[in-house]
Amino acid sequence: MTELKRLTEHIWYMPYEEERDRPNIGYVKGDHWSLAIDAGHSAAHVREFYELLEKENLPLPGITVLTHWHWDHTFGMHAVKGLTLANDRTDRHLAEWKYKIEKNGPQEFFAIHESIRKEYGANTEVIVKKADLVFSGKVILDPGGCTVQLIQTDAPHTDDSTLVYVEPDKTLFLGDSTCDDFFAGVKRADLCRKLADTIREINPEICVEGHWVPVNPEDTLSDLMNDMG
Ligand SMILES: [Zn+2]
């Protein structure tokens with residue numbers, strides 16, 4: 001049974017799951033509204049996340065922000081309440097997949113990995129949605145009593161990474177940015193170094209990667225600089 005975990009004063013998260021390749025979904029509660037970090041793998045994933053929030057009497061997120069376009073972080077977008085916010089490159093990738101799946105059906109998507117076929121049982125529709133709000137560079141959100149920075153950055157995993165830094169809690173959500181390029185299977189050293197510089201500049205105390213438990217930044221940086229090629 002999955003449980004919502006409290007990480008810091010303003011932050012909770014629904015932990016990742018390997019079987020269906022579900023990433024952590026982050027949640028930040030401000031005094032006026034709250035936001036989610038990543039939309040999850042499917043409508044079912046979103047539903048389970050919201051049930052956990054309701055169980056804790058936490059308000060559903062007014063905005064869901066995306067760390068990158070990959071399906072396990074975004075294909076639940078059509079089921080979220082409120083608005084979705086992504087950088088321009090993430091939105092472009094989503095538009096491509098929306099077009100592809102609407103035109104050709106979901107076969108190409110299902111063929112990517114077994115975990116996807118586990119998330120989407122027979123007859124579950126795959127719906128891809130573009131973001132409601134699109135930014136490039138940097139955005140600062142203020143849900144009340146806490147500042148959240150969205151920082152678009154170079155990273156080895158994809159060309160559309162957004163880091164999400166919850167300032168008063170000194171917590172950085174990295175999505176999968178520290179991992180290798182999923183399709184090419186490479187981890188470009190120059191991009192690893194750029195991302196490492198960005199992380200050091202932000203100087204967080206807690207790092208939340210997409211598919212791992214929260215760790216300290218030294219741990220994240222050593223993972224990032226491992227197996228570069
Ligand atoms: Zn990814």
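Trainee: What share of the 229 residues of the chain counts as buried, and what makes a residue buried?

Mentor: The share is 42% of the 229 residues. A residue is buried if 20 or more other C-beta atoms, placed from the backbone, lie within 10 Å of its own; with 12 or fewer it is exposed, and in between partly exposed. This is a predicted model, in which local features need pLDDT of at least 70 and side-chain atom pairs count only at pLDDT 80 or more, while totals for chains, interfaces and linings use all residues. Residues are numbered from 1 along each chain as its sequence is written.

Trainee: How many helices and strands are there in the chain?

Mentor: The chain has seven helices and 12 strands, taken as DSSP runs numbered from the N terminus (helices H or I, at least four residues; strands E, at least two).

Trainee: Why is the chain called as compact as a globular protein of that length?

Mentor: The globule rule is 2.2 Å times the number of residues to the power 0.38, and the radius of gyration is taken over C-alpha atoms. For 229 residues the rule gives 17 Å, and the chain has 16 Å, close to that value, so it is as compact as a globular protein of that length.

Trainee: What makes strand E8 (138–141) and strand E12 (206–209) edge strands?

Mentor: The open sheet has the order E8-E9-E10-E11-E12, with mixed pairing. Strands E8 and E12 each pair on one side only. Two strands pair if DSSP finds at least two bridges between them; E8 and E9 (residues 148–153) have four bridges, in the antiparallel sense, and therefore count as paired.
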